[in-house]
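Reader: I'm new to looking at protein models. Could you show me how to read helix packing and aromatic rings?

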2 protein chains.
Amino acid sequence: MTAPATLNAQPTLTFWFDFASTYAYLTACRIRAMGETAGVSIATRPMLLGPIFNAQGWATSPFNIYPAKGAYMVRDVTRTATARGNAFQMPDPFPANGLVAARIGMIAEAEGWGLAWTERVFQAEFAEGRDISELATLEDCLASVGQSSDVVLRSQTDQNKLALRQQTQRAAERGIFGAPALITSDGELFWGDDRLQQALEWERAVSHN
Amino acid sequence: MTAPATLNAQPTLTFWFDFASTYAYLTACRIRAMGETAGVSIATRPMLLGPIFNAQGWATSPFNIYPAKGAYMVRDVTRTATARGNAFQMPDPFPANGLVAARIGMIAEAEGWGLAWTERVFQAEFAEGRDISELATLEDCLASVGQSSDVVLRSQTDQNKLALRQQTQRAAERGIFGAPALITSDGELFWGDDRLQQALEWERAVSHN
């Protein structure tokens, strides 16, 4: 009995995001269910848009720099969230500071609870209007995904801070310039919540080759 | 016999674009058919992104200013065009100079052949790889929509040049910051080829109220 010529791994799409991203919130609301329907696993990849935007010459979100674009984004995300039955409110200030949430996300990713964490934090921020830079919010989110608040301390090691910076660097190297970004197992990049279905179909096609 | 309380006009979506826009090309390839399916008429609104981008501090297309975004756009439009069976090639140089084509588009809009003109010029530029700043290209396009090449001269009057500048100004006033933009009869703005179906549905709902 010989092994099959190729043994495909589980089809997996990586979901790259910054917790401040409104469009990544839309994706977080539906990526689990859509991945299950498509037979594609989701792997979360927290990153920081700050350094990526800085490299493009922006000191803050382009939605703040370009007011017409910012006003449209709020309207567009509100319309889409409403049509899908998702709550949505803009954080104040925008963008929210998701640094510690992203650091915790690195640990969550490594330990296999990345998607649950991602969903919970996005929900707290954009559906419940909570401040995700506050320790109390993060502790509540940790509790609701069955994790101890010790994770906050573990997330603040130099090693973990470095890991998040390196992941952000990898994002830039893979061509990511905004969020959400979706990358298939053959390295194909898709940008934006609009491209979620297309990215899942690409991954499914690639993984069946 | 009394007249009905309200007499709704034909549902109409306005399609705002610059002939240099790759995503507006994707929309031009399908808006006629999708509008017919939805029972919504399409009214073309040529505009110039140059002044709109200048107001945002950009001297050229953001796809040229931000290389990662530009590289992604080419890949994304190619993927989408391929999936829909549309040819696509990038103009060189990009963005193409569509000034005269847009001026002719103002006349076409006023005379009722706006959509045919729009489709033909986008096809020449992005499917056939022709230079839409060349008179020969514009004359061929005019011939294929059953118009005389005299329209080129008529498009170059001070009055018509002013009309295009004013239309661009109206675009900015209505919140447009990129192309394609779609505006419903109640003034709702949708940005991007991705939003075409949503905009048609919005217009249909509004016009049946």
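This is a predicted model: local features need pLDDT of at least 70, side-chain atom pairs count only at pLDDT 80 or more; totals for chains, interfaces and linings use all residues.

Reader: Which residues of α2(A) and α11(A) make the contact?

Author: From α2(A) come A:Ile31, A:Met34, A:Gly35, A:Thr37 and A:Ala38, while α11(A) brings A:Leu196, A:Gln197, A:Leu200 and A:Arg204.

Reader: Now the rings. How many aromatic pairs are there over all chains?

Author: The count is 34. One of them joins A:Phe190 and A:Trp202 edge-to-face, with 5.7 Å centre to centre and 70 degrees between the planes. An angle over 60 degrees counts as edge-to-face, so this pair takes that label. The pair links distant parts of the chain, twelve residues apart: A:Phe190 sits in strand β4 (residues 189–191) and A:Trp202 in helix α11.

Reader: Is A:Phe190 buried or exposed?

Author: A:Phe190 is buried, because its relative accessible area of 0% falls under 20%. A:Trp202, at 27%, is partly exposed.

Reader: What lies over the face of A:Phe190?

Author: That is B:Arg79, at 3.7 Å from the ring centre. On the face of B:Phe190 you will find A:Arg79, at 3.8 Å from the ring centre.

Reader: Which residues form an aromatic cluster?

Author: A:Phe15, A:Phe17, A:Phe19, A:Tyr25, A:Phe88, A:Phe122 and A:Phe126 form one.

Definitions and conventions:
Residues are numbered from 1 along each chain as its sequence is written. Chains are lettered from A and ligands numbered from 1 in the order in which they are written. Side-chain values use heavy atoms; hydrogens and water are left out. Contact means heavy atoms within 4.5 Å. Helices (H or I, at least four residues) and strands (E, at least two) are DSSP runs, numbered from the N terminus. Rings of Phe, Tyr and Trp (its six-membered ring) pair if their centres lie within 6.5 Å; planes under 30 degrees apart count as stacked, over 60 as edge-to-face and the rest as tilted. Buried means under 20% relative accessible area, exposed over 50%, partly exposed in between (1.4 Å probe, protein chains only). A charge sits over a ring if NZ of Lys or CZ of Arg is within 6 Å of the ring centre and within 35 degrees of the ring normal.
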